[in-house]
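Subject: Structure handover and notes

Dear colleague,

I am passing on the structure below, together with some notes on what was found in it. Please read the notes with the structure open beside you.

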Amino acid sequence: MPHFAKPAEGSWTEHYPELGTGPVSYEDSISPDHYALEREAIFKRTWLNVGRVEQLPRAGSYFTKEIAAAGTSVIVVRGTDGEVRGYHNICRHRGNKLVWADFPREETSGTCRQFTCKYHGWRYGLDGSCAFVQQESEFFNLDKADYGLVPVRAETWEGFIFVNLDPHAETPLRDYLGALAKGLEGYPFDKMTQVFKYRAPVGSNWKLFIDAFAEFYHAPVLHAKQSVADESRKLAGFGFEALAYELDGPHGMVSSWGGMSPPKDLDMVKPIERLVRSGLFGPWEKPDLGLAELPPSLNPARHKAWGVDSFVFFPNFMVLVWQPNWYLTYHYWPTSYNTHIFEGTLYFVPPSTASERLQQELAAVTFKEFALQDGNTLEATQSMLESRVVGAFPLNDQEILLRHLHKTARDYVSKYVAESA
């Protein structure tokens, strides 16, 4: 149940009694055995966002996605009928990776009429069917119809492409994403096709970086030097509290103030931001998206100082919608119990002038600086958690999404263990 106004007699966390309010163990972030169970219980069984439909502009357009946590690689392709489909990236002959460029562990993209294995030349249609077998007569009773690509469930929501590696999964994507996603439907994500991407290996458990972006409690401290001196002292003086929190099944969101464009006091921002009229919150002049009103999941408190909403779609996908009409996505792809790949992608309405392009470039560079500060803490956190000197940690009311994330991940593992037994 959503709670858009914090009652005087309670707290955000206490509205969800199943979360508890006691200290939280972070053993789930430092245990190789627990991570092995997460791979089976979570990454092989839930819907994972792998991209957007703009990456597949025409029939035959494809991209690959390496999913180390599930031990596989997938091909996502648009067929001649316009449908988006997914396949495991494996040739049915001898198991070679089917689609790759110069380095087999790197992702690739392109356009083709068929997929051809570079080992023995087997070919597959965009619909996954086996179209050609080199020296077919040399095989014993081989029927090409039995050797198509292994399909992966692929569905789209608001232009975002998701795959589910569980062939027995029954829940459709839209049902899985729940009420928070439904309340975002109609937002014009498709109009924001100017893209800036960052990707980095990080020496921490995947959940720790989600923790870092799912609360703003840290902002006045960690990011103090990104503000001008007077603004930094002001933020440090009163701290930070968000506008609203909401949980829905395994997913959650936090709504925050900020991002007033332009700021009421230009002395609050750096000279380069005054000159270019942009910064962390995006360009000061909002593009017209043709929205009569915001979808219900955005700015749920309907606060006049609203700046950004951060949606955590379990397990590893975040969408941040900013008041100045642009958005961010974050992905956290585990590679081991204490390493993962972080991907941050910024989406803007394509610029029509050089000035608009500069505004977007400044927002992208500024985001990178803040993200580097967030990421800089993670290896320090991971290394000391692994010391196990402390076993449980207090989380405050603003860290409700952290408490929820770790409980959700543990619940998925517990359910999987029980079902396996």
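Contact here means heavy atoms within 4.5 Å, while helices (H or I, at least four residues) and strands (E, at least two) are DSSP runs, numbered from the N terminus. This is a predicted model, in which local features need pLDDT of at least 70 and side-chain atom pairs count only at pLDDT 80 or more, whereas totals for chains, interfaces and linings use all residues. Residues are numbered from 1 along each chain as its sequence is written, and side-chain values use heavy atoms, with hydrogens and water left out.

To begin with the helices, His34, Leu37, Glu38, Glu40, Ala41 and Ile42 in α1 meet Ala409, Arg410, Tyr412, Val413, Tyr416 and Val417 in α9. The residues of this contact divide into eight nonpolar, one polar and three charged (Ala, Val, Leu, Ile, Met, Phe, Trp, Tyr, Cys and Pro count as nonpolar, Asp, Glu, Lys and Arg as charged, and the others, Gly among them, as polar). Helix α1 (residues 32-43) packs against helix α9 (residues 400-420) at an angle of about 80°, and their axes, which are lines fitted to C-alpha atoms over the stretch in contact, lie 9 Å apart. The angle, taken from 0 to 180 degrees between N-to-C directions, therefore makes α1 roughly perpendicular to α9 (65 to 115 degrees).

Turning to the strands, β4 (residues 72-78) is mostly covered, with seven of its seven residues buried (under 20% relative accessible area, with a 1.4 Å probe and protein chains only). Thr72, Val74, Val76 and Arg78 point one way from β4, whereas Ser73, Ile75 and Val77 point the other way. In a regular strand the side chains alternate between the two faces of the sheet.

Strand β3 (residues 61-67) runs antiparallel to β4 and is joined to it by six bridges (two strands pair if DSSP finds at least two bridges between them). Lysine 65 stands opposite valine 74 in β4, and threonine 64 has isoleucine 75 as its bridge partner there. The hairpin of β3 and β4 has four residues between the strands, and glycine 71 takes a positive phi near 65° in it. Six of the seven residues of β3 are buried, and three bridges join β3 to the antiparallel strand β6 (residues 109-111), where threonine 111 stands opposite serine 61.

On β4 there is also an antiparallel pairing with strand β5 (residues 84-88), over five bridges, in which valine 77 stands opposite arginine 85. The hairpin of β4 and β5 has five residues between the strands, and glycine 82 takes a positive phi near 90° in it.

Best regards

Notes: Buried means under 20% relative accessible area, exposed over 50%, partly exposed in between (1.4 Å probe, protein chains only). Angles under 35 degrees count as roughly parallel, over 145 as roughly antiparallel, 65 to 115 as roughly perpendicular and the rest as oblique.
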